[in-house]
Amino acid sequence: MDGTILNSLAAAERVWGRWAAAMGLDVESFLPTMHGKRGIDTISALNLPGVDPVAEAEFILRGEIEDVEGVVPIPGAVEFLSALPPERWAIVTSSPIELAKRRLGAAGIPEPRYMVTAEDVTVGKPNPQGYILGSERLGVNPSEALVFEDVLAGIRAGEAAGADVMVITATHNHEIETGHWKIPGYLDVTTHIADDGRLSVRFKS
């Protein structure tokens with residue numbers, strides 16, 4: 001969701017940046033590490049003494065829900081998603097459900113029929129659990145799915161699930177080294193439904 005169909009970079013970094021500064025972290029080096037992961041996983045990995053990851057993750061979540069200024073759709077995302085049959089796509093996000101709905105609303109993106117959020121998994125990305133669950137809800141094998149990702153943790157999760165991966169670069173400040181297809185957004189691509197019902201992404205001619 002974040003970085004693949006909507007851009008919440010500024011809002012997320014405002015909230016996480018204030019928290020990191022209060023914790024005495026190097027904000028500039030910390031911020032790139034928190035994208036695409038559950039908040040509790042990010043905080044737990046820091047092993048900060050005397051810090052309760054559950055309480056801090058909840059504190060940050062409240063801040064992110066309150067601050068959605070500048071949350072916008074990735075160019076062409078709304079039209080791209082509207083062209084997909086609603087039963088054929090799902091959101092798999094590291095965001096909790098309340099934040100996911102808040103950001104989708106702020107970006108003007110309708111909620112999908114299927115959504116996997118932070119509450120639905122016991123281990124976040126790069127573990128493939130979320131994408132495996134998302135595929136189950138769609139009724140397909142992960143090997144038949146195309147994962148759209150923007151960060152390394154998510155790319156690795158898609159790979160580990162056995163899915164194909166498309167990398168969205170709209171919010172990238174630095175290039176990610178990957179052998180997967182990359183697109184900056186959705187303005188130059190369209191969906192195609194074959195006679196056998198298979199979906200594909202095609203570049204506009």
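Trp16 and Trp19 sit three residues apart in helix H1 (residues 9-22), about one turn of the helix. Helices here are DSSP runs of H or I with at least four residues, strands are E runs of at least two, and both are numbered from the N terminus. This is a predicted model, where local features need pLDDT of at least 70, side-chain atom pairs count only at pLDDT 80 or more, and totals for chains, interfaces and linings use all residues. Residues are numbered from 1 along each chain as its sequence is written, and side-chain values use heavy atoms, leaving out hydrogens and water.

Now for the rings. A search of the whole structure turns up seven aromatic pairs; rings of Phe, Tyr and Trp (its six-membered ring) pair if their centres lie within 6.5 Å, with planes under 30 degrees apart called stacked, over 60 edge-to-face and the rest tilted. Two of them are tabulated here.

| Pair | Centre distance | Plane angle | Class |
|---|---|---|---|
| Trp16 and Trp19 | 5.7 Å | 80 degrees | edge-to-face |
| Phe80 and Tyr186 | 4.8 Å | 35 degrees | tilted |

Are Phe80 and Tyr186 buried or exposed? Buried means under 20% relative accessible area, exposed over 50%, and partly exposed in between (1.4 Å probe, protein chains only). Phe80 is buried at 7%, and Tyr186 is buried at 3%. Trp16 is buried too, at 4%, as is Trp19 at 4%.

On to the sheet. Three strands make an open sheet in the order S5-S6-S7, with parallel pairing; two strands pair if DSSP finds at least two bridges between them. Strand S5 (146-149) and strand S7 (181-183) are at the edges with a single partner strand each, so one side of each has no neighbour in the sheet. Strand S6 (residues 164-168) is joined to S7 by three bridges, and Val167 has Lys182 as its bridge partner in S7.

Arg103, in helix H6 (residues 97-107), is buried with a relative accessible area of 3%. Leaving aside residues up to four places away in sequence, Arg103 touches residues including Met1, Asp2, Glu64 and Ser95, where contact means heavy atoms within 4.5 Å.

Overall, the chain has eight helices and nine strands, and buried residues make up 43% of its 205 residues.
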